[in-house]
Amino acid sequence: MKKFAIKNIKLALAGAALFGFTTACEVTELVPANLIPDSEAFTTGARIESAVLGVYESAQRGFYSNAVQRGYPFGAANVEQGDMRGEDMYNDQAFYEITYNNSYSPNSANNSGMWISLYRMINRLNIILENLDIAVTDGVVTAEVGNAYKGEMLFMRALAHHELLIHFARPYSDDPSSMGIPYRTFGIDDVTKVPDGEAVPRGTVGADYAQLLQDLDAAEGFLPERGAFRVNKGAAIALKSRIKLHMKDWPGVLAEYTKLTSKYAVTANPATPFRGGTSTDNIFSFVNSAEANPGVNGALPSMYGNPDLGARGLVKISPIIWRADFWHAEDTRRTSLTTKSSTGIFTDKYQDATTYTDPNVILRYAEVVLNAAEAYARTSKMAEAVTLVNSVRSRALPSSVPAYTVDGLGDGVLTAVLNERRIEFLAEGRRWADIHRLSGEGLMAGIPQKATTRSITNIKFYETGAIPMDHSLAYSSNLFVWPIPLAELQTNNTAPIEQNPGY
């Protein structure tokens, strides 16, 4: 494809397609196809497959600080940024401090890297979507193959836009008419299309969520049922469950859950979903490999792993969650999914601190189950809610520890569900999404207090004594949502979008 030297091109739209459509997929070690002319990019099945896999690569490695690849947006960064915005994973060094202590600005690299990498990914997949019907009509791929590709790209588009919404917009649960993000549904592969892209406004949160569901409903119809390392029908359904949870659409959450009950199951061993990436619980993961991964400065096993085991260990489990009274002392997730050092406790969900091959698990059946448990609790079906939360909790506890009961929990069924989410998804980046939606409806006041950055230097903080605390943030603060990157505002010459208030 053509390469353009454009001074004022919108960075968020600067997809690989725009600067030479790099369709190589290092995830599967295909030969790079980054010099294919426009007229030939969709003329063979192999090239279309390479283009589709290139979107996976752009999700897995992405963009950070102009060139460095640190797993933005979905190779590792969605987990790291989602955890660092919450209180249950702890920042041990300066690396994530801007996110952890809420000191970001429109120039912060983390915010900008997420924004740019997500829109670059979106641009690549939109170009593919625009060419698939033509390829089918021309007989390059069959309708079945073309539809499967279409489903993958629509799923990716929804996943990317939802990540943007939870970081850069106020939650749906507060006010669907509030300012959302630009939802981009067409691609830019020529400089003449840039003004049209720049003119896409920030819609409302409600309109953005409606488009998310439209994309996912279509994706569900197109996608086949297959393994967890390619987007599949179950992934579209599971993501709809997540999105409807944010929308407080409790019947919708339950409808999506019901579709998956015969296809997936919570694993008996909580560690199984993280030991190879294939299990009854794994619905969809982004692959990392020795040849293609976020690197030592981004990979989950490097950032989150125990330094005694060869990792960098910049992020560890917070003593806040470790000492929480709702996390039972005999829970096997304390032993099978953590490791200890003299300085603290680290997750053991990601183990390959040498070649960084651990996949980034995006959707698990356990999440769909707890989504449904919450939906039941919200609609006063407490027995059903307790049954589902027990299906996740009790598998990690010895038989000597009683399961939850409705009578025993009383008015605390919803709290039990929300606490179980904190335990089960620890170190998976899900905490921020829950803080975001729950603060929007008033069940949380914003970001809770965290253990003070770079203060937890000894294992003793996990055992007894006062935990140094700081970094809470009220929901009313402008910092609750990230600023639109300055580069986005400065390079949009057609119709600059509005910055979030307070920046």
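Predicted model: local features only at pLDDT ≥ 70, side-chain atom pairs only at ≥ 80, totals over all residues.

Guide: Residues are numbered from 1 along each chain as its sequence is written, and side-chain values use heavy atoms, with hydrogens and water left out.

Visitor: Which helix gives the most to the lining of the second largest pocket?

Guide: A pocket here is an open set of points on a 1 Å grid over the protein atoms alone, where a 1.4 Å probe fits, with protein on both sides within 12 Å along at least five of seven lines, and lining residues have an atom within 4 Å of a point. Helices are DSSP runs of H or I with at least four residues, strands are runs of E with at least two, and both are numbered from the N terminus. Both α15 (413-424) and α16 (431-440) supply at least two residues of this lining. The helix that gives the most, with six residues, is α15.

Visitor: How do the residues of that lining divide into nonpolar, polar and charged?

Guide: The lining includes L414, T415, R421, R422 and D434. Ala, Val, Leu, Ile, Met, Phe, Trp, Tyr, Cys and Pro count as nonpolar, Asp, Glu, Lys and Arg as charged, and the others, Gly among them, as polar. On that scheme the lining has five nonpolar, two polar and four charged residues.

Visitor: How many of the residues of α12 are buried?

Guide: Buried means under 20% relative accessible area, exposed means over 50%, and partly exposed lies in between, with a 1.4 Å probe and protein chains only. The end C-alpha atoms of α12 are 20 Å apart, in agreement with the 20 Å that its 14 residues should span at 1.5 Å a residue, where the expected span is 1.5 Å times one less than the number of residues. Just after α12, S380 takes a positive phi of about 65°. As for burial, α12 is mostly covered, the count being 14 of its 14 residues.

Visitor: What covers the buried residues of α13?

Guide: Helix α13 covers residues 382-393, and its buried residues include A385, V386, L388 and V389. Contact means heavy atoms within 4.5 Å. The covering elements include α9 (250-260), α12 (365-378), α14 (406-409) and α15.

Visitor: Why is the pair of Y104 and W482 edge-to-face?

Guide: Rings of Phe, Tyr and Trp (its six-membered ring) pair if their centres lie within 6.5 Å, and planes under 30 degrees apart count as stacked, over 60 as edge-to-face and the rest as tilted. A search of the whole structure finds 18 aromatic pairs, including F95 and Y96, at 5.0 Å centre to centre and 65° between the planes. The centres of Y104 and W482 are 6.1 Å apart, and the pair counts as edge-to-face because the planes stand at 75°.

Visitor: Is F229 buried or partly exposed?

Guide: F229 lies in the loop between α7 (205-222) and α8 (233-246). Not counting residues up to four places away in sequence, F229 touches several residues, including Y56, F284 and P359. With a relative accessible area of 31%, F229 is partly exposed.

Visitor: What is the relative accessible area of M121?

Guide: M121 lies in helix α4. Leaving aside neighbours within four places in sequence, M121 is in contact with residues including V55, F74 and M156. M121 is buried, and its relative accessible area is 0%.
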